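I opened my notebook to look at how the chains meet. Here is what I looked up, entry by entry.

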Protein chains: 6
Amino acid sequence: MAFQRTGGRAADQLRPVRITRGFTIHAEGSVLIEFGQTRVLCTASVEEKVPPHKRGSGEGWVTAEYGMLPRATHTRGDREAARGKQSGRTQEIQRLIGRSLRAVFDLKKLGERTIHLDCDVLQADGGTRTAAITGAFVAAQDAVTKLMTTGKLAHSPITGPVAAISVGIVEGTPLLDLEYVEDVDCDTDMNVVMTGAGHYVEVQGTAEGVAFTRAEMDQLLRLAEQGIAELVSMQSKALAA
Amino acid sequence: MAFQRTGGRAADQLRPVRITRGFTIHAEGSVLIEFGQTRVLCTASVEEKVPPHKRGSGEGWVTAEYGMLPRATHTRGDREAARGKQSGRTQEIQRLIGRSLRAVFDLKKLGERTIHLDCDVLQADGGTRTAAITGAFVAAQDAVTKLMTTGKLAHSPITGPVAAISVGIVEGTPLLDLEYVEDVDCDTDMNVVMTGAGHYVEVQGTAEGVAFTRAEMDQLLRLAEQGIAELVSMQSKALAA
Amino acid sequence: MAFQRTGGRAADQLRPVRITRGFTIHAEGSVLIEFGQTRVLCTASVEEKVPPHKRGSGEGWVTAEYGMLPRATHTRGDREAARGKQSGRTQEIQRLIGRSLRAVFDLKKLGERTIHLDCDVLQADGGTRTAAITGAFVAAQDAVTKLMTTGKLAHSPITGPVAAISVGIVEGTPLLDLEYVEDVDCDTDMNVVMTGAGHYVEVQGTAEGVAFTRAEMDQLLRLAEQGIAELVSMQSKALAA
Amino acid sequence: MAFQRTGGRAADQLRPVRITRGFTIHAEGSVLIEFGQTRVLCTASVEEKVPPHKRGSGEGWVTAEYGMLPRATHTRGDREAARGKQSGRTQEIQRLIGRSLRAVFDLKKLGERTIHLDCDVLQADGGTRTAAITGAFVAAQDAVTKLMTTGKLAHSPITGPVAAISVGIVEGTPLLDLEYVEDVDCDTDMNVVMTGAGHYVEVQGTAEGVAFTRAEMDQLLRLAEQGIAELVSMQSKALAA
Amino acid sequence: MAFQRTGGRAADQLRPVRITRGFTIHAEGSVLIEFGQTRVLCTASVEEKVPPHKRGSGEGWVTAEYGMLPRATHTRGDREAARGKQSGRTQEIQRLIGRSLRAVFDLKKLGERTIHLDCDVLQADGGTRTAAITGAFVAAQDAVTKLMTTGKLAHSPITGPVAAISVGIVEGTPLLDLEYVEDVDCDTDMNVVMTGAGHYVEVQGTAEGVAFTRAEMDQLLRLAEQGIAELVSMQSKALAA
Amino acid sequence: MAFQRTGGRAADQLRPVRITRGFTIHAEGSVLIEFGQTRVLCTASVEEKVPPHKRGSGEGWVTAEYGMLPRATHTRGDREAARGKQSGRTQEIQRLIGRSLRAVFDLKKLGERTIHLDCDVLQADGGTRTAAITGAFVAAQDAVTKLMTTGKLAHSPITGPVAAISVGIVEGTPLLDLEYVEDVDCDTDMNVVMTGAGHYVEVQGTAEGVAFTRAEMDQLLRLAEQGIAELVSMQSKALAA
């Protein structure tokens, strides 16, 4: 028989997702997103200038940073600021978040300004990068709405929603939205980022143990597609609230 | 007439204080403390070893780290992990928190283990270091209680409560518990850390503009003493809940 | 009509691949691999100890580092050693190489030793990470053979070959093994790592411009599968030489 | 009976203070200050530009850096330049020196230039930060005098003298100007910075062991006030020489 | 009897020298130089701007960086980019290469542009810095020729050739062009850099064991002079090819 | 006519040299050495352990660090501790000092302990590295004497004196012991380190402008030899005092 999930969750079931807008007061967009016990604070900050490689281009920029509070995890991790550098994992994740969000931005329409997305994990239980992308989109949308409301932008530079989910094979069973204990155990781990139209922005699959077959990949992609569709609908509901 | 405070707060009045225990699930102690709009997450993590200068001493260690999320403030600040070093201000604050907490710990009774206090500011509106100290004490108490409940400690190494508050002179008026706009404006800014018994652990007074007189200092110390007594009582209530 | 490739290369054709073993004299394995104008020096160094997280486990470790000479590229890039840190891109690539090689190693059979794979790009023209993985496997195999010849290992810890290739969609055409000008232009860029048995070790697809569809991904995966089969056969020939 | 001080010094007595102006030849102000065996070289360097946050403001800036030669102390300490970062203690001290000096500067009158105060400890025996502040004032005064003599400034931006002293409670006795062995032993350690008019610029009191009472603080503040009055008079004499 | 050299090489004999121009395709000058088993890739990159200290001077700049692949040596060395800093040895060598090349450049004639010389050791067997200087000259000449061919320079800024060689005393015998095993063993090690005219640009002699006499120095200088004359002639032949 | 030196100094004349032993109280050896206006504080610190590469070897180690106070020079330089790294020049100099001192130490006789030589420039006017070596020898001798007096060493590990001087060609005239204005102007700059027996430990000659001839080198070496003989005699006098 297949792997038993926490709380009797089905293999193709997301954890309870909660999206809280306006979680903090200063940022132009501020969203606490929860995928089960995973909690990520995503803020969008608008800065009226662009990095050097965009200066004078008439285009804007969207970029992301990712961090984890030292005790967001089961055992305390080093504080990256104290160690004096970000780990390879942190850099990989923040590059992924940045690319994913840029995929739904028309940078020309944004004008010469930067949106900084800060995704800080308050509590980790697997899936922090996918929660971060999904939450960062909502924060970015709020920041853009503010730019439009205050007359700084006439047309939205956002071309549609983007969301992300993890899928994996644990003890032979393909599962949607892995929590920490599942992630530790899994043979294959895949993070998928898709647009609202169901197209792929990023696919990152890794065989932790045994290499995976094409058939397994197809199963995982199907699960991910379904999960992302649900997330996009939740983003939409949260933004309409 | 004197300076007008937000929401008609009296000069000797604390902002609403809220102490939420168990804010996150992994840490041995996890407290969200709010002084008005200032929100600091304080976690206490127990590690069963000590830093080199304590090895073999039979004594434990209590230490603190402090951080601020990039958009905890009105305008986004650089992420210290990305910049590759902690600012002088950050180091000063985390050293203060560490000393303050050690003042109420009998390190011999703690045994050869370390309590790490991580104080991360989710939202800043003045007084983050005093909120951090006040919240870190509650988190530390929870961690110690857990050590006692699980039989790792027979006697509590905590000798009593510790709390902290800021006081300052704004436009000639001595004020308790400065919020950000008051802090920016103030001539004198003082952070006071006291034990439950009303004794001083730290006093750090700085003249931002004009140097202050002995009479002014006496007024500030009286305000602080009263504010800390209230905070200690709130800590006690929160721990009894 | 479709995109015209350099030298009239077909869409599903690899660039000329050259694998030179024993390129330098000191390393246990030393391979210069060329994918067209891309040239990567891959060395395998055996160290008779393991990193801290493996000490006492009886298991070995396989790890990789990646670098690019400052003028391997069209315009000179900063030297990472001089700048004082490795870029996020460099870290991402070296983590990918390390995971890919570990996928074909039985770390228990390796014993408590480390194989360091250093992949240094002498000349870049697209596909440096895939050339690095493909060449690193050959260097690793040479190092293992040396360990067996000298009696340090009785059984090979290598479970089979691993190789990698890039695929992408340029102006609507799916292409195998992108060179630099194609990479710059492409809408979708995917790096695929597979075992000799045709199973996936890593799949990393990124939409640079427009998000890609499931049908496009399937085309790309097919191209990659075919290209990797050819590379595995070339690795085998080179090792037999 | 009370604690016995080196050389029969009284509890309220300063160590012999020596202020040598023109100790080195290049700096606009260069002062060797000695508090007993503590020797600090304080130089004031004038730079005809300001840091970014003051550019275009018409105001100047006064800033300080602090260092300790590796063998200024009983046992050799690491060289901070070799370790690649300044300790939290160093940063705390140099921030304190900077704030203390700015307290007696009218930055508008200074014009858009910076005075850098470098305080380097050649020999340490307690009280290095208070000696540094007291000596830095004399060096700053010399640099300002030079700016006036050369016609670069018409009016002095200095509003009055500033000096600093440490006080502490050792074995129950309040003592003025702690030397190293007293500092190590003390229960409470307080650094006080005051203007020539007897007003407070900084008060930093720390309970090393037992928390201190209000009555103790009052005793310490009285001692400090008296010591600083003596130091201000010595600064004045040195500057008149 | 005197020290026996590898392959019966005479005391005053260079190792086989090979100079391969155009070793890589992107750089304006790209030379693989081999002194026996020592192999250094020297690239010259032209950048149409100068560092801050030369801006607006009408003069150009010539600078060098040096690196060693981790497994260029008998046992693997740390990657400097991963460690986050260049060793003192690396910095010393790259400063030497830069000064040596500037000695044969008329920076006014170069115009406001920079030539970056990157010397990367692919395989080390003693004499990497002297091979680097000798090869960098050829790469620099190729880059200058390109600037002249493309009409960017009317007159060559190069005043003549420069080359370098090591000499040393091993077991009492003065030897030319030390290989690794000789270098490890030698009492005195000297690197000499000379122009084509036979004048000194740099002389760096170090007694590893016993201090050396004036007579020994004279012997070493004579050997070096002869070796450099041969190298200059090989550079000339390579450039004529 | 030849170059005019400050104070009518002859071309082959040293600046006034002053060696003050016991300049600071904590170090085992502490020497202020002055070459005219150049003043360097050299301390020798004994540590009863050795660096990793000497552990268990029965041998000791001698190492040096070099620093310059920010305003030791005409215009203020950055503080290396604040910048977070030592310059290439600093590293080059401290490596030279370390090698020079090790040349007169029998490390076996020193036993498994380290002598740290810290050379800090209080005031710079040319020749800081040669003053540092000459002063460091006196400090090292004092530290060794202390080890012998306290019975930690039976036999001195010092094999003889070592001293250093700079020589150079300024406007065609070979000069001994260059001061700053001469150093800036000179065509050739050479630092020579010799033992008391008149043998070479280090020779580092650099053509700043025009390459130098063998005849010029011979003149410079003669000047240096004479200057070092004088310095060795002064060291001896200072140690006898």
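Before the first entry I noted the rule I needed: a polar contact is a pair of N or O atoms within 3.5 Å, and within protein one must be able to donate a hydrogen and the other to accept it. I also kept in mind that this is a predicted model.

**Entry 1: one threonine in chain A.** With that cut-off in hand, I looked at A:Thr150, whose side chain reaches the backbone oxygen of A:Leu147 at 3.3 Å. I placed A:Thr150 in the loop between α4 (128-149) and β6 (162-170) of chain A. Is A:Thr150 buried or exposed? I found A:Thr150 exposed, because its relative accessible area is 53% and exposed means over 50%. I also checked A:Thr150 against A:Ile169: they are 19 residues apart in sequence, and 47 Å lie between their C-alpha atoms.

**Entry 2: chains A and B.** I superposed chain B on chain A with a rotation of 180 degrees and 0.0 Å of shift along the axis, at an RMSD of 0.0 Å. That is the relation of a two-fold axis. I then saw that 100% of the interface residues of chain B are also interface residues in chain A, so the copies meet through the same surface.

How many residues are in contact? I noted 37 from chain B and 37 from chain A. The two chains bury about 2,900 Å² between them, with 52% of that from carbon and sulfur atoms. On the chain B side, B:His26, B:Arg71 and B:Arg79 lose the most area to chain A, together 26% of what that side buries.

I have 12 salt bridges down for chain B and chain A. One of them joins B:Arg76 to A:Glu65, with the closest N and O atoms 3.1 Å apart. By class, I sorted the side of chain B that touches chain A into 15 nonpolar, 12 polar and 10 charged residues.

**Entry 3: chains E and F.** Here the contact takes 24 residues from each of chain F and chain E. I wrote down about 2,400 Å² buried between them, 49% of it on carbon and sulfur atoms. F:Glu92, F:Tyr200 and F:Arg214 supply 25% of the area that chain F buries against chain E, more than any other three residues.

I counted four salt bridges between chain F and chain E. F:Arg214 turned up again, in a salt bridge with E:Asp218 at 2.6 Å, N to O. Which element gives the most to the side of chain F that touches chain E? My answer is β9(F), with eight residues.

Methods:
Residues are numbered from 1 along each chain as its sequence is written. Chains are lettered from A and ligands numbered from 1 in the order in which they are written. This is a predicted model: local features need pLDDT of at least 70, side-chain atom pairs count only at pLDDT 80 or more; totals for chains, interfaces and linings use all residues. Side-chain values use heavy atoms; hydrogens and water are left out. Copies are superposed by least squares on the C-alpha atoms of residues with pLDDT of at least 70 in both. Contact means heavy atoms within 4.5 Å. Helices (H or I, at least four residues) and strands (E, at least two) are DSSP runs, numbered from the N terminus. Buried means under 20% relative accessible area, exposed over 50%, partly exposed in between (1.4 Å probe, protein chains only). Buried area is the accessible area (1.4 Å probe) that two parts lose on being put together, summed over both. A salt bridge is a side-chain nitrogen of Lys or Arg within 4 Å of a carboxyl oxygen of Asp or Glu. Ala, Val, Leu, Ile, Met, Phe, Trp, Tyr, Cys and Pro count as nonpolar, Asp, Glu, Lys and Arg as charged, and the others, Gly among them, as polar.
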